[in-house]
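Q: Hi! Could you walk me through this one, starting with the DNA?

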Number of protein chains: 2
Amino acid sequence: MTSSAAQTSPRKRAGNGAVQRSDSDEVGLDALVGHAGYAVRRLQIWIFQDFIRTLGEVDIRPTQYSVLTVIGANPGLSQMAVAKRLGIERARLVHLLDSLERRRYVKRVKSKTDRRSHALHLTAQGATALAKFKRLAAEHERHVEAKIGRENRQHLLRILADFT
Amino acid sequence: MTSSAAQTSPRKRAGNGAVQRSDSDEVGLDALVGHAGYAVRRLQIWIFQDFIRTLGEVDIRPTQYSVLTVIGANPGLSQMAVAKRLGIERARLVHLLDSLERRRYVKRVKSKTDRRSHALHLTAQGATALAKFKRLAAEHERHVEAKIGRENRQHLLRILADFT
DNA sequence: GGACAATTGTTGTCGTCAACAACAATCTTT
DNA sequence: AAAGATTGTTGTTGACGACAACAATTGTCC
């Protein structure tokens, strides 16, 4: 029993089946409330948009930021390792790195221990840039805090801790 | 202070800059931990994949499910209203409804009160199908519960309640 | 009442992103 | 040495959001 076929008040009709509904009248969500996925999706959209807006002046998107952060914290990583760590496909990482390399934030050094792979490093320029990005990201994080509340954010982080 | 330029142990190098790292050696995330957006993104991906897998036998994706649910709970809504409620573009909703109408789950009834708009309804077939989808969605929700814990899920839903 | 603005559904384009598949070069295993 | 696995790369597909344009219709304002 899933409380599935829950019927919600069908409001007043207008003959043909169109519902009379004033503009501010809210639309029932029925079973969508109670679905974690739906709520998480909405939050995710909000967070990403704020991130993109806050880091807009430096033109860095969330994925780019995560790549730079991981490389900065683990210089010398291979593309495979970065992709696996961030859960993005290595095919996708190729384009991300192409872009970041064009902007002189990252360089691919050919590894001598394994001539198939590249050792990823931040350039000096990339390191200083990343420092600025992190300041902006912290600002963005304060926006999140303002949106959902300080201890709610803390709790959220704790709940999702093992999702890395 | 953002604790920005936090330096994490750069491990042992191998001459050219490649890092020696055993397969199970974990890769530091540095500043990524502590970013709500990153954690939320990972959770969102996990949830969506489980949803798609669990509702795979009926070939219904999260967005399709949300559209059917809203129409089922509010028969007679216009496309505009549904799009606004779910935060999807009306241009996108056109294709979603085309697909759902082809599968005989939904029908567009031309409204007589406003000849521009369509009143959206589930077909009888769509209603019974939705009941099954809801059972599967509830099963998916139990997967989420098993993944993050019962009261963590509850708390998550409470935190995100006003994100509708 | 009639001109003008706004809304609704539709079509189309563009860019992002995940999921695959295929490939050459290069290890690794046996 | 041969067979199989891994790494980076290229390309294709499909879902999705953001826009812009358009015809039909409705609402507004004078």
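**Around the DNA**

A: Happy to. 20 residues surround DNA strand D, with A:M80, A:R108, A:R116, B:E89 and B:R92 the closest; a residue is near a strand if one of its heavy atoms lies within 4 Å of it. Of the atoms of DNA strand D that come within 4 Å of the protein, 64% belong to sugar and phosphate. This is a predicted model, where local features need pLDDT of at least 70, side-chain atom pairs count only at pLDDT 80 or more, and totals for chains, interfaces and linings use all residues. Residues are numbered from 1 along each chain as its sequence is written, chains are lettered from A and ligands numbered from 1 in the order in which they are written, and side-chain values use heavy atoms, with hydrogens and water left out.

Q: What does the side chain of B:E89 approach on DNA strand D?

A: A base nitrogen, 2.5 Å from an N or O atom of that side chain. A polar contact here is a pair of N or O atoms within 3.5 Å; within protein, one must be able to donate a hydrogen and the other to accept it, and residues adjacent in sequence count only if both atoms are side-chain atoms.

Q: Which element supplies the largest share of the surface near DNA strand D?

A: α4(A), with three residues. Helices (H or I, at least four residues) and strands (E, at least two) are DSSP runs, numbered from the N terminus.

Q: Switching to DNA strand C, which residues come nearest?

A: Of the 20 residues around DNA strand C, they are A:R61, A:E89, A:R92, B:M80 and B:R116.

Q: Where does B:R108 come in?

A: A polar side-chain atom of B:R108 is 2.7 Å from a phosphate oxygen of DNA strand C. A:R115 uses a polar backbone atom, 2.9 Å from a phosphate oxygen of DNA strand C.

Q: What comes just after α5(A)?

A: A:G149, with a positive phi of about 100°.
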